[in-house]
Amino acid sequence: MRLTTKGRFAVTAMVDLVMRQTRGPVTLAAISERQHISLSYLEQLFGKLRRAKLVSSVRGPGGGYNLAQQPSGISVAAIVTAVDEPMDATQCGGKENCHDDKRCMTHDLWATLNKKMHEYLSSVSLADLVAQQANRPVAVLHDKRPAEKVAA
């Protein structure tokens with residue numbers, strides 16, 4: 001499995017969305033700022049997540065994104081798959097033609113790894129990831145501007 005920034009950022013953004021959507025739709029600009037992910041990259045990812053029916057969009061003032069399903073019903077594997085991230089550790093893409101159009105000696109090893117990774121990522125839900133964050137300290141932005149003097 002080649003889990004690149006596409007899959008990692010999609011999962012991170014979805015966790016952020018779940019943690020913030022209680023106050024209404026979450027903007028991609030806000031996720032971008034909090035997670036340091038390019039806004040244009042998030043737009044691409046959320047277009048794919050929306051087409052996969054994992055998120056829904058709300059247009060207009062106060063608009064943004066919400067989950068389209070319960071967090072417990074969305075697996076990490078579903079998120080990664082939705083953004084077209086390949087989950088394949090084999091060199092041949094599972095076609096068994098990796099060594100001169102023949103199956104390589106380690107094909108079964110990589111195919112089993114694929115299966116185990118998919119099983120694991122399918123067993124972890126968005127709700128699980130959010131629950132893991134619940135007891136962890138989060139970075140808080142502090143206003144470092146000097147306090148203004150109030151005229152008496």
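User: How far apart are the closest N and O atoms in the salt bridge of aspartate 16 with arginine 20?

Analyst: This is a predicted model, and the values are computed from it. A salt bridge needs a side-chain nitrogen of Lys or Arg within 4 Å of a carboxyl oxygen of Asp or Glu. Aspartate 16 and arginine 20 form such a bridge, with their closest N and O atoms at 3.8 Å.

User: Which helix holds both aspartate 16 and arginine 20?

Analyst: The two residues are four residues apart. That spacing is about one turn of the helix. Both lie in helix 1.

User: Which other residue meets aspartate 16 in a salt bridge, at 2.6 Å from N to O?

Analyst: The structure holds two salt bridges. In one of them, the side chain of aspartate 16 meets a partner at 2.6 Å, N to O. The pair links distant parts of the chain, 18 residues apart, with aspartate 16 in helix 1 and its partner in helix 2. That partner is arginine 34.

User: Is aspartate 16 buried or exposed?

Analyst: Buried means under 20% relative accessible area. Arginine 20, at 26%, is partly exposed. Arginine 34, at 31%, is also partly exposed. Aspartate 16 has 2% relative accessibility, so aspartate 16 counts as buried.

User: Which residues are linked in a network of salt bridges?

Analyst: Side chains of opposite charge can pair when their charged atoms come close. Here aspartate 16 pairs with arginine 20 and with arginine 34. The linked residues are Asp16, Arg20 and Arg34.

User: Which element gives the most residues to the largest nonpolar core?

Analyst: This core has 32 residues, and Met14, Leu17, Phe46, Leu49 and Ile79 have the most contacts inside it. Several elements give two or more residues to this core, including helix 3 (39-51), strand 2 (64-67) and helix 6 (126-133). The top contributor gives seven residues, and that is helix 1.

User: Which residues does leucine 17 touch, leaving out those up to four places away in sequence?

Analyst: Leucine 17 is among the residues with the most contacts inside the core. Contact means heavy atoms within 4.5 Å. With residues up to four places away left out, leucine 17 touches Val26, Ile31, Phe46, Val55, Tyr65, Asn66 and Leu67.

User: Which residues make the nonpolar surface patch of about 270 Å²?

Analyst: One member, leucine 109, lies in helix 5 (residues 107-123). The patch is made by Leu109, Trp110 and Leu113.

User: What pattern does the protein follow along the sequence?

Analyst: The secondary structure comes to six helices and two strands. Read along the sequence, the pattern is α-α-α-β-β-α-α-α.

Note on methods:
Residues numbered from 1 in each chain as written. Predicted model: local features only at pLDDT ≥ 70, side-chain atom pairs only at ≥ 80, totals over all residues. Heavy atoms only, no water. Core = buried A, V, L, I, M, F, W, Y, C linked by side-chain atoms within 4.5 Å. Buried < 20%, exposed > 50% of the residue type's maximum accessible area, 1.4 Å probe, protein only. Patch = residues over 30% accessible without salt bridge, like charges linked within 9 Å, V, L, I, M, F, W, Y side chains within 5 Å. Areas by Shrake-Rupley, 256 points an atom, 1.4 Å probe, with all protein chains shown as cover.
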